[in-house]
Amino acid sequence: MKIDFSLNGKKVSIDTLPEKRLIDVIREDFGLMTTKNACYSGECGSCTVQLEGRIVPACQIPIFTVRAKRIVTIEGFMGTEKYLDIINAFNDIKCIPCPFCFTGKILAVDSLIDNHRTPDTSDIMALLSDHSCSCTSVSKFIEGVRMAYHNREFRGELLK
Amino acid sequence: MLDTHKNKRFICDYYSPGMIIIKIIRAEVPGGIISGISMPELPADVGIIGFEDIPAEKDLHVFSRSMPLLCDGNIKYEGEPVLLLYGKDEKELDILASEIRIDYETDYTLASMETYTEEQVDRELKYSRGKPDRNFAKAHKIIEETYSTSSQHHYDLEPQGAAAMINEAGGVDITSATQWPFNVRDNVSECLGIPKKKVNIDVPAMGKTHSGKLWYAGLLACYAAIVTWKTNEPSFCLIPKTDSILYTPGRAASIIRHKTGIDENGKILCRSIDISIDSGACPMLSEEVINRICFSAAGVYMTPALEITARSIRTNNPPSGAFNGMGFHQSFFAGECHANSLAAAAGLGPLEWRKMNTARKHINLPIGWESRKPIQLDKLLDTVAEMSDYKRKHAAYSLSAKMQNDFSGKKRGIGISVCCQGNGFMGKVEENEKYTVSARLDTDGSLSLFTSAVPENFQTASLWRDIAGGILEINPDDVRIETVNTSLVPDSGPSLFSRNITIITQLIEKCCNAIKKSRFRLPLPIEVKRSYRLPRTNGWDPESFSGNPFPIVSWGAAVVETETDPITLETSIRGVWLAADCGKIMNIELAKAEIESEIFRSVISSTMKPPAVKYARLGIPLTPVQPQNPFAVRIEFLSSRENKPGGIGELPDSLIPAALSEALSMGLNIKLADLPSTSESLFRQLEHISNTQETELED
Ligand code: FES
Ligand code: FES
């Protein structure tokens, strides 16, 4: 089946089995290996991508459902100003998740702070509960998200 | 810069289409004998490997211990690898795997830890000092209790795996997500029967391992090596996350019985401690666990007379493995919970009792070991008590806990604990090993560090860069930690027990200091090598319980405060305070971040159900769940009399479980004795109390 969609801002097309998982398409067909897969069951958050700006586990998305949709992976997000808002914030407060899980967390944080309201603790806890990492300090992570929000807000102000 | 994920290749990224995929076919029963295997017809490009097909050595070796690479016909545990099915089409392999039928003679008795027989005892240690019997006879009170801790998985997020290909030397190149590359190399060379120099182990990027990728990585590397050796093609073996949680080595479960005699003032007179640990079907590291558990069993309290019996028991559970603390966690949970009972029996508060009984400066720990540097246990306890306002809170919560039938409002509790952390291996397992690090200062002024030690996190790597940069007065960004490949870097030993901090960091310092001395005398590049060997004299002797157990010991105390809804039993943590004395702190920010993340991890694992096959079958998620609410964490480091860096990462997991359990027990006026402290265990305790009260009323 031929499926057209937007991947990291580019129009792409793929001829594949309709039930192939989005994570396998991203990694195998497009070679975007920074997006990770660990559990293949929607539990761990490693494979997080943005679908129309919403966070989804790519291992739970059959490729036929993304027809004509916009997908952003960490590869497409890296290097953007929005990415720097987050990475600089976490860098500043020395909250250092491991490189395996951080990619999924970064995209999730971006979706959260793009909501244009100060993320509250329960929003951030809900975000974290989608990532089965038992080793990041929750309070540091909350601080990081808040600082990322402020970085973005500050940049928005500057743009205005 | 923090974007450490950029251009990183993890083991799961090493698969490329055309590679041979390996599926592990596992035993479906926990014991018995394989009576037959029926196979579907295999296509020409699909193959199968069993125990007899292993080219040379059929066992995996870890120090002096070994276990079969594949089941030898006698099933030892559910999930034991029996066959390797391989081919290029994963879907086809899945179908074929489902058609393989293994028949078992299941006339066996399950070997458990609770009801063990003499044949199951793998190793037993006995220690005795003073005259326990005489002291028990004159004790004012004798308190006996039993504690248990369950097995625990590391919950490292990243999957375990290995990839293999034939190299130009006619040997194999292996990519292995391992914390111990040279052990992988030795095992691969032995199972293929080829010289070590023909085997290269390359370590890819890794997420946090939590010691979960120690010897098990060697097993998967051998599987990939055997298949590649047989087919001459690159192969890839990645195990599903559920298999990893259920069958890879976790923390050993334990049952610890304490019997302690105290005098009228609450001072310890004598102790008798009986410990059993479940080493699973193949006790690969249980010697070390037993040594460490004995060392820490009586905690940090002065004990005039002591007897300890500790044994590791073979069971039909998956082999247990390395895990933070290896024995210290179990010991301190039981010992510190018991300390609270002793305080109660003496009519003293937990802090007061601890301060009265903790080992003083230069006084031996109960096990007979005398610290060379003064121990600051009192100061640690005072610091953490002050940070948390422990005394006031303890008094207030004790009072409200006495109103047993009051179910209005949330119940608060507070617990305190104190512990130590031994850095490095303590037994004789490592006595013939030599660990090396080398460093090269290049003509462009950059420094390369060569070590097989795998930094477990970004913090360790940046610490090494900072230290090297500081000594040589170069920018830390100009310090390169070379990729870990066994043909390029020296053997620096297994990366666990904080030895990356204690041993490797010191070797890096020594290398850099040596370069600094000759920097302006010799032409660049200058390369130096420094090695560490366990001291041959005065090392720890587990038989006589004497000698020096660790190159350095760290100390810590913690307070945990909880709030529990007495009706729903929902619990939240209100705060955790931790004070540590852990030698020279290289970077305080990074050290705090490391401890903080370990605190959260310990809270999760102390309150989470252990993984079990039955949960997997029910489809219940096996991955850890974050605490519902964030909580405040405060950490302080005492200025230390020790000038070498000590480990810190294992302190939280020795401190938090007991303090948390005490806080929960206090809030609900119960006594928890099992770890993890789940809402189910709270419920069982409350149920028990209500049953006892009913019986008393009837009487
Ligand atoms: S791999 Fe998709 S959620 Fe774990
Ligand atoms: S899994 Fe990456 S920090 Fe926990």
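# A tour of the predicted model

Thr505(B) is buried, with a relative accessible area of 1%. The model is a predicted one, and this residue is the starting point of the tour. Select helix 12 of chain B, residues 499–518, to see the element in which Thr505(B) lies. Then show the neighbours of Thr505(B): leaving aside residues up to four places away in sequence, Thr505(B) touches Trp464(B), Ile467(B), Asn500(B), Met586(B) and Pro645(B).

## After helix 12

Move on to the loop between helix 12 and strand 22 (526–533) of chain B, where Pro525(B) lies. Select Leu524(B) together with Pro525(B): the peptide bond joining them is cis, with omega about 0°.

## Helix 13 and helix 15

Two packed helices are described by the angle between their axes and the distance between the axes. Select residues 588–607 of chain B, which form helix 13, and residues 651–668 of chain B, which form helix 15; their axes come within 9 Å and cross at roughly 45°. That angle makes helix 13 of chain B oblique to helix 15 of chain B. The crossing of helix 13 past helix 15 of chain B is right-handed.

Which residues make the contact between helix 13 and helix 15 of chain B? From helix 13 of chain B, show Ile595(B), Glu598(B), Ile599(B), Ser602(B), Val603(B), Ser605(B), Ser606(B) and Thr607(B). From helix 15 of chain B, show Pro652(B), Asp653(B), Ile656(B), Pro657(B) and Leu660(B). Coloured by type, the residues of this contact divide into seven nonpolar, four polar and two charged.

While helix 13 of chain B is on screen, pick out Phe600(B), which has its place in this helix. Is Phe600(B) buried or exposed? Its relative accessibility is 0%, so Phe600(B) counts as buried. Draw a distance from the C-alpha of Phe600(B) to that of Asp653(B): the two residues are 53 apart in sequence and 9.6 Å apart in space.

## Helix 7 and helix 8

Next, select helix 7 (residues 328–346) and helix 8 (residues 350–357) of chain B. The axes of these two come within 9 Å and cross at roughly 100°. Helix 7 of chain B and helix 8 of chain B are therefore roughly perpendicular to each other. On the side of helix 7 of chain B, the contact is made by Glu336(B), Ala339(B), Asn340(B), Leu342(B), Ala343(B) and Ala346(B). On the side of helix 8 of chain B, Pro350(B), Trp353(B) and Arg354(B) take part. This contact of helix 7 with helix 8 of chain B divides into six nonpolar, one polar and two charged residues.

## Helix 3

Now go to residues 181–192 of chain B, which are helix 3. At 1.5 Å a residue, its 12 residues should span 16 Å, and the end C-alpha atoms are 17 Å apart, which agrees.

Of those 12 residues, 10 are buried, so helix 3 of chain B is largely enclosed by the rest of the structure. Among the buried ones are Phe182(B), Val184(B), Arg185(B), Val188(B), Cys191(B) and Leu192(B). Then step just past the end of helix 3 of chain B to Gly193(B), which takes a positive phi of about 70°.

## Loops to finish

Most residues other than glycine have a negative phi. Two stops depart from that.

- Leu569(B) is not a glycine but has a positive phi of about 65°. Find Leu569(B) in the loop between strand 23 (552–564) and strand 24 (571–581) of chain B; at 8% relative accessibility, Leu569(B) counts as buried.
- Glu52(A), also not a glycine, has a positive phi of about 50°. Switch to chain A and look in the loop between strand 3 (48–51) and strand 4 (54–57); Glu52(A) is partly exposed, with a relative accessible area of 38%.

The last stop is Gly445(B), in the loop between strand 19 (434–441) and strand 20 (447–450) of chain B. Gly445(B) counts as partly exposed at 25% relative accessibility. Select Asn475(B) as well: Gly445(B) and Asn475(B) are 30 residues apart along the chain, and their C-alpha atoms are separated by 9.6 Å.

Methods:
Residues are numbered from 1 along each chain as its sequence is written. Chains are lettered from A and ligands numbered from 1 in the order in which they are written. This is a predicted model: local features need pLDDT of at least 70, side-chain atom pairs count only at pLDDT 80 or more; totals for chains, interfaces and linings use all residues. Side-chain values use heavy atoms; hydrogens and water are left out. Helices (H or I, at least four residues) and strands (E, at least two) are DSSP runs, numbered from the N terminus. The expected span of a helix is 1.5 Å times one less than its number of residues. Buried means under 20% relative accessible area, exposed over 50%, partly exposed in between (1.4 Å probe, protein chains only). Axes are lines fitted to C-alpha atoms, for helices over the stretch in contact, and angles run from 0 to 180 degrees between N-to-C directions. Angles under 35 degrees count as roughly parallel, over 145 as roughly antiparallel, 65 to 115 as roughly perpendicular and the rest as oblique. A crossing is left-handed if the near helix is turned anticlockwise from the far one by less than a right angle, and right-handed if clockwise. Contact means heavy atoms within 4.5 Å. Ala, Val, Leu, Ile, Met, Phe, Trp, Tyr, Cys and Pro count as nonpolar, Asp, Glu, Lys and Arg as charged, and the others, Gly among them, as polar.
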